[in-house]
Amino acid sequence: MDCNCFDPQWPADELLMKYQYISDFFIAVAYFSIPIELVYFVQKSAVFPYRWVLVQFGAFIVLCGATHLINLWTSTAHTRTLAIVMTTAKVLTAVVSCATALMLVHIIPDLLSVKTRELFLKNKAAELDREMGLIRTQEETGRYVRMLTHEIRSTLDRHTILKTTLVELGRALALEECALWMPTRTGLELQLSYTLRHQYPVGFTVPIQLPVINQVFSTNRAVKISPNSPVARLRPAGKYMPGEVVAVRVPLLHLSNFQINDWPELSTKRYALMVLMLPSDSARQWHVHELELVEVVADQVAVALSHAAILEESMRARDLLMEQNVALDLARREAEMAVRARNDFLAVMNHEMRTPMHAIIALSSLLQETELTPEQRLMVETILKSSNLLATLINDVLDLSRLEDGSLQLDVGTFNLHVLFREVLNLVKPIASVKKLFVTLSLSSDLPEFAIGDEKRLMQILLNVVGNAVKFSKEGSVSISAVAAKSESLSDPRAPEFFPVQSENHFYLRVQVKDTGSGINPQDIPKLFCKFAQNQALATKSSGGTGLGLAISKRFVNLMEGHIWIESEGLGKGSTAIFIVKLGIPGRSNEPKLPFMPRLPANHMQMTFQGLKVLIMDDNGFSRMVTKGLLVHLGCDVTTVSSGDECLRVLTQEHKVVFMDVSIPGIDCYEVAVQIHEKFGKHHNRPLIVALTGNTDRVTKENCMRVGMDGVILKPVSVDKMRSVLSELLEHGVILQS
């Protein structure tokens, strides 16, 4: 039997073979999964420095895994010991490989998360840097905004604003040069107006249609431009490398339709150009936050300039308004001085003209009552008519002057309205009878007998209107009708500004004067109420008149809150004058009332005053003589004096009437009247005091009444007027009508 030194080959165990197969499979899977994970790690990690090592390691592992796959097919029977060793090694290799693979699965995400955090922190740091840059930009912008706002509030001077802006921008951005180009008045060129370093002369111009200027004006952002462009050539020529240049537009306010109380229009076609230049021979470039700062400052400069422009324009408007106010005030004062001078002139001329008129009318009236031949009587009557016409003209001019300056006031009192109409009729009938005109008066039954108003002015209106009807009528008739107007008859479409208001205390008097005269052209009717206007088609040398009657009547009617108009169908068809005035009702109205006293009967006009002692005080010897002649003609015993002291010395209780000229220069006639009252004490013992004056103003009459005078007579005075005055004085102790 043969001896064998080696153990016989141990047959393969089915269980061990299964373990090897399983181990080889997992080892291969682990080997192949590891490089896949390494490739994923390399792709995800952008900063890993050992990529090729990982690639080689992955290749080695792939090859190792491949050997184990091969063993799955090349496995043969081995000895038991070898099989146990191989099995143990493979099992350990499988365990270590799987553990390594599983560990990498957990480690790789951690490694990647570390790199991700690093990148996240870097990104955050970059964002913080940008945010800090924005914050710094905002702080710079805020500082410049505050600086510009301070300049606006402190001066609002555009030159100061622009110079300060250039200086602050140059200091903040370390600029070599900064300039501002302003549009010229024509708008066709830009002119160099302000520079920071003053290296280039101010006043240089460039066309506004340059491409570089159009490029900047087309956007509101700061634009980088060539250092060689015309608007950027702000430094002396040299061999240095020019720095970067940016330009930005600055909107300007257009003030073509500027108004004080409104915002002006902002023109989008007018811009200034701001050019900013970095230092030469420098690698420095413009940063985004610097450009943003330039844009914000440009906007703030635009706002500042608009405020300055508005202020300048408003100051110019204020100065112009002040000049206009000064001119208006000067014109007003000159007008007031002219009005005062005119009034003073008229007052003086009124007095000075009435004094000789007094002599003419008084002496003519005295002459008329003497024995005269028919030819002489005609001459005297002509003198009296002409003198009365001149006196009327003087009255009209003075009335019109006071109406225009507003100094004339109505003298309101109670009067008999029916008697007033009959007196007007009695005054115009003699003239109408000469022309063979038939004059009628119709008063409605509802017309109040008494009324409250200005009787004198109402009579003046009636005489003007009725007098015109008689004057311009050669034949036919003149009819006068008066009614208390109803509401429906008050309105007149030709006078929309006339708004009559009915009340229990007042009524409206409607007077219509219709004639069959020559009529009026309709186009001439509006002119009739103008000063010195006459109906040219009818006015003749024989008609007389000054053209003031209707103008004055219209103003009197307006003072009485009424309306006046004229109607006519044309020449040869007659005319109708209508006026409405507002009058008070006695017992109901709150108007101040003067005591009503009836007029004297006609037989009083024939009275004589034989032996009546009268004293005349007048400094004008000629006027004294005329007044004395009137009184002597009426039978009076007349004493004349020329001063107040002489008057007080001569005056006794035997004197019944004192006629006193209140316009004596250097003598206070009102004080003389007061002393007469003091001298005689009780009223029935003192003489009656009557003022003679050429002044028609209301103040003179009020002053006379205030010092206790019994009446006021306006010069000139005729014999009939003096007779009427003395009759009223002796009958009532007062003159009812001046």
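**Figure 1. Secondary structure and overall burial of the predicted model.** In this predicted model, the protein contains 15 helices and 18 strands. The chain comprises 738 residues, of which 41% count as buried. Among contacts between residues at least 6 apart in sequence, 72% join residues at least 24 apart. The accessible surface of the protein comes to about 41,000 Å², and 59% of this area is supplied by carbon and sulfur atoms.

**Figure 2. A nonpolar patch on the surface that includes Leu15.** The patch is formed by Leu15, Tyr19, Tyr21, Ile22, Phe25, Phe26 and Val29. Together these residues have about 670 Å² of accessible area. Leu15 is located in helix α1, which covers residues 14-44. With a relative accessible area of 46%, Leu15 is partly exposed; this value lies between the limits of 20% for buried and 50% for exposed residues.

**Figure 3. Helix α9, residues 455-471, and its span.** Helix α9 consists of 17 residues. The distance from its first C-alpha to its last is 23 Å, close to the 24 Å expected at 1.5 Å a residue.

**Figure 4. Burial of helix α9.** This helix is mostly covered, with 12 of its 17 residues buried.

Technical notes
Residues are numbered from 1 along each chain as its sequence is written. This is a predicted model: local features need pLDDT of at least 70, side-chain atom pairs count only at pLDDT 80 or more; totals for chains, interfaces and linings use all residues. Side-chain values use heavy atoms; hydrogens and water are left out. Patches are made of residues with over 30% relative accessible area and no salt bridge: like charges are joined within 9 Å, nonpolar side chains (Val, Leu, Ile, Met, Phe, Trp, Tyr) within 5 Å. Accessible areas come from the Shrake-Rupley method with a 1.4 Å probe; for residues, only the protein chains shown count as cover. A salt bridge is a side-chain nitrogen of Lys or Arg within 4 Å of a carboxyl oxygen of Asp or Glu. Helices (H or I, at least four residues) and strands (E, at least two) are DSSP runs, numbered from the N terminus. Buried means under 20% relative accessible area, exposed over 50%, partly exposed in between (1.4 Å probe, protein chains only). Contact means heavy atoms within 4.5 Å. The expected span of a helix is 1.5 Å times one less than its number of residues.
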